[in-house]
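Subject: Structure handover

Hello,

My notes on what turned up follow below it.

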Amino acid sequence: MNSATPASSPLNALERIRADVRAMHSYVVQPSAGMLKMDAMENPFRLPAHLQAALGQRLGTLELNRYPGARVADLKAALARYAGMPEGYGIVLGNGSDELITLLALACAQPGTGQRATMLSPMPGFVMYPLSAQLQGLDFVGVPLTPDFELDEPAMLAAIAQHRPAITYIAYPNNPTATLWDEGAVQRVIDAAGAQGGIVVMDEAYQPFASRTWIDRMRAEPARNAHVLLMRTLSKFGLAGVRLGYLIGPTAFTAELDKVRPPYNVSVLNCEAALFALEHADVFAAQAAELRTARADLIAALRRMPGIEKCWDSEANMVLVRVADSARAYEGMKNRKVLVKNVSTMHPLLANCLRLTVGSADDNAQMLAALEASL
C-alpha cells in the first residue's frame, strides 16, 4: 500500500481564491482588428508626426534601469498648473483612475472591525465603483437616476441619510449617460454627505468635453467642499494608452491616500509621456474642441434618423441612444465592421440603449451609416 502523501489537486487549490472572485467575469476588451472602434470613448487623433518623433526621441533617453524619481514631482506640479489646483491641496497619481478608485476603497475599508464601510453612487454609472467596493470589502449602494438620467436628488439625500456612506461618487459628466447634472443639486448632495462625515469624489474623467468643472466650486467655496476630492484621467485628454490618472484634494486626504499607493506605481515612460503631452496641451485642446463640434453634428444626425427612439444630450465624448432592439442593432453594426457598446444589460434604465463614441467627422459618418443600416 502506497503511504505517500497524495499530490495536491489544482481544483482544491483553486478554492483558496475567494468565491466571489471565482464567480465574477473578468473585464473583456472586444477584439477590434479591422473594425472601426467606437466603443471605448478614445480620442481618434494621433499626435502630429513631428510631435511623435520628438516624443520618441525623448523617451529613448530615459534611464529605464532606474526606478521613477524626481520627474514624478515634476508631473504633479505640471498637473496642478494645468488643473488650476487650489492652495493647500495635493495630488495623488494612479495607473489610470481605476487604480485611484481602488486606493480610495482600500483606504476607507474597515477590515476586522465588524462594521463594513459603504460606497454610494448614482446608477447607472461607472462599473468600477461597485466592483472596487466588492473587491475591497465595502458595501455598495446604487441610487437609480430618473428615467431621463437626471440626478434623483431626494433619493440621493435619503440614501445618504440612511447609509452614511464613507465614499460618494459623482461622475461629472456621467458614464454611460454623458449627463452633467444640475450644479445646485450636486452641491446639496455634497453637503449631505459631508454632514454625515463622508468623502465625496467628483469623477471628471470626461472634463475636456464638459461645459463646467467642479474645481471652480472647490476654489470658490473651499470650506463647503473641504471633503471633496477631484479625480481625473489623461485617457480622455488623449492618452488612453499612457494610463495616468490623478486625484486632487486637501493635503490631509492626499497624504493618507499616498500611504496605500504602491511605490513606483507610475512608470518613467508614463510620467514622461504625460509631461510631454501637458507641454503641448494646446494640441489636445484643439482636438477636444473638434470633437465637441463633431458631437453636435452627430447628435443632430441621430435625432433625424428613423428608428432612433431617443438621443440624449451629451457633455462627454459619447452619445447615448435608445433603439427598438439594441442587440440587433449592435450585431448589425458589428457585421458592418463598426464596434459600439451595447449597454442595455448594465441597468434596467438602459433598456435597448447603445453608447456611441464621438469620433472624427469621417468616423462618425461611417458609424451613422452602419447604425442606420442595422436598425
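Start with the largest cavity. Its lining is made of Tyr82, Glu204, Ala205, Gln207, Pro208, Arg232, Thr233, Leu234, Phe237 and Tyr246. A cavity here is a set of points on a 1 Å grid over the protein atoms alone where a 1.4 Å probe fits but cannot get out, and lining residues have an atom within 4 Å of a point. By class, six of these residues are nonpolar, two polar and two charged. Nonpolar covers Ala, Val, Leu, Ile, Met, Phe, Trp, Tyr, Cys and Pro; charged covers Asp, Glu, Lys and Arg; the others, Gly among them, are polar. The space inside is about 50 Å³. Volume is the space filled by probe spheres set on the points, with grid points joined across faces, edges and corners. The structure has one cavity of 30 Å³ or more.

Some ground rules. The model is predicted, so local features need pLDDT of at least 70 and side-chain atom pairs count only at pLDDT 80 or more, while totals for chains, interfaces and linings use all residues. Residues are numbered from 1 along each chain as its sequence is written, and side-chain values use heavy atoms, with hydrogens and water left out.

**The largest pocket**

A pocket is an open set of points with protein on both sides within 12 Å along at least five of seven lines. The largest one has a volume of about 1,400 Å³. It is lined by 43 residues, and Tyr27, Phe126, Val127, Met128 and Lys341 are the closest to its centre. The lining splits into 22 nonpolar, 12 polar and nine charged residues. At least two lining residues come from each of helix H5 (96-108), helix H6 (128-136), helix H10 (235-239) and strand E12 (341-342). H6 gives the largest share, four residues. Helices (H or I, at least four residues) and strands (E, at least two) are DSSP runs, numbered from the N terminus.

**Nonpolar cores**

A nonpolar core is a set of buried Ala, Val, Leu, Ile, Met, Phe, Trp, Tyr and Cys residues joined through side-chain atoms within 4.5 Å. Buried means under 20% relative accessible area, exposed over 50%, and partly exposed in between (1.4 Å probe, protein chains only). The largest core holds 61 residues, of which Leu75, Leu79, Val186, Met202 and Trp214 touch the most other members. Helix H12 (residues 268-279) gives the most to this core, seven residues. A second, separate core has 30 residues, including Leu291, Ala301, Met333 and Leu356.

Take Met202. Leaving out residues up to four places away in sequence, Met202 touches Ile170, Tyr172, Val186, Ile190, Trp214, Val228, Leu229, Leu230 and Met231. Contact means heavy atoms within 4.5 Å.

**Helix H14**

Which residues of helix H14 (residues 326-335) are buried? They are Ser326, Ala329, Tyr330, Gly332 and Met333. They lie on the same side of H14, because they cover an arc of only 165° around the axis. The arc is that of the directions from the helix axis to the C-beta atoms. The buried residues of H14 pack against strand E10 (318-323), strand E11 (338-339), E12, strand E13 (353-357) and helix H15 (361-374).

**Backbone points to check**

Two cis peptide bonds are worth a look. One runs from Met123 to Pro124, with omega near 10°. Pro124 sits in the loop between strand E3 (118-123) and H6. Another joins Tyr172 and Pro173, with omega about 10°. Pro173 lies in the loop between strand E5 (167-171) and helix H8 (183-195). Pro173 is buried, at 1% relative accessibility. Beyond four places in sequence, Pro173 touches Ala178, Thr179, Leu180, Asp203, Tyr206, Ala210, Glu315 and Ala316.

Met41 has phi near 55°, in the loop between strand E1 (36-37) and helix H3 (49-60). Met41 is buried, with 4% relative accessible area. Arg164 has phi near 45°, in the loop between helix H7 (153-163) and E5. Arg164 is exposed, at 52%.

**An exposed leucine**

Leu64 is in the loop between H3 and helix H4 (70-83). Leu64 counts as exposed, because its relative accessibility is 55%. Apart from residues up to four places away in sequence, Leu64 touches Val268 and Leu269.

Best wishes
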